[in-house]
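Please read the report below alongside the sequence and the three-dimensional model. It moves from the overall make-up to selected residues.

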Amino acid sequence: MLLKVPTLDVFHLSHESLQQITNRRSDIIQQWQHYWRTITVDEVVCRYTKGSVRSVTIVDDEYPGRFRYLSDPPPVLYVSGHEHLLNDTQTLAVVGTRNPSEYGKARLNELLVPVVHQNTVIVSARTWNRYARP
């Protein structure tokens, strides 16, 4: 992107220009632009530094190699915890709800305990957007 937009002033580019430069779907571009219009730099810095969160971009060596092969890889990952495990080969992503039922908690324990005992890295994905702020 730096080659196409040397100033990295992506905030002022049109929807069409961003789509052409990044080769991302229109709905993804809309999400980015909405996010940029509704958050301040201070909020971003506060959000990601208060929880010892570090960013890993697609150009960083630590960026998971498997992600590079996705059709729409995230340009930035926000990592908290054991970031050296990003490239571990034995991982399982767990996606759920912030308010699980008792049944859901019981099933999760039933399913994950054996996986944890096999030294599998459990990855939790969290969407940070306007509606689900930490």
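## Basis of the description

This is a predicted model, in which local features need pLDDT of at least 70 and side-chain atom pairs count only at pLDDT 80 or more, whereas totals for chains, interfaces and linings use all residues. Residues are numbered from 1 along each chain as its sequence is written, and side-chain values use heavy atoms, with hydrogens and water left out.

## Overall make-up

The protein has four helices and four strands, where helices (H or I, at least four residues) and strands (E, at least two) are DSSP runs numbered from the N terminus. Read from the N terminus, these elements follow the order α-α-α-β-β-β-α-β.

Of the 134 residues, 19% count as buried, a term that stands for under 20% relative accessible area, with exposed meaning over 50% and partly exposed in between (1.4 Å probe, protein chains only). The accessible surface comes to about 10200 Å², and 56% of that surface belongs to carbon and sulfur atoms; such areas come from the Shrake-Rupley method with a 1.4 Å probe, and for residues only the protein chains shown count as cover. Among contacts (heavy atoms within 4.5 Å) between residues at least 6 apart in sequence, 45% join residues at least 24 apart.

## Strands 1 and 2

Strand 1 (residues 54-57) and strand 2 pair in the antiparallel sense over four bridges, pairing being assigned if DSSP finds at least two bridges between two strands.

Valine 56, which lies in strand 1, counts as buried because its relative accessibility is 0%. Setting aside residues up to four places away in sequence, valine 56 touches Glu62, Tyr63, Pro75, Val76, Leu77, Val79 and Leu86. The C-alpha atoms of valine 56 and glutamate 83 are separated by 9.3 Å, although the two residues are 27 residues apart along the chain.

## Around helices 1 and 2

Arginine 24 is found in the loop between helix 1 (15-22) and helix 2 (26-38), and counts as buried because its relative accessibility is 15%. A polar atom of the arginine 24 side chain lies 3.2 Å from the backbone oxygen of proline 73. Beyond its neighbours within four places in sequence, arginine 24 is in contact with Gln19, Ile29, Trp32, Asp72 and Pro73.

Isoleucine 28 lies in helix 2 and is buried, with a relative accessible area of 13%. Its C-alpha atom is separated by 9.4 Å from that of aspartate 72, a residue 44 residues apart from isoleucine 28 along the chain.

Helix 4 is followed by asparagine 119, whose phi is positive, near 60°.

Threonine 120 has its place in the loop between helix 4 and strand 4 (121-124), and counts as buried because its relative accessibility is 12%. A polar atom of the threonine 120 side chain lies 3.4 Å from the backbone oxygen of valine 115. Leaving aside neighbours within four places in sequence, threonine 120 is in contact with Gln90, Thr91, Leu92 and Val115.

Conventions:
Polar contact = N/O pair within 3.5 Å; in protein donor to acceptor, adjacent residues only side chain to side chain.
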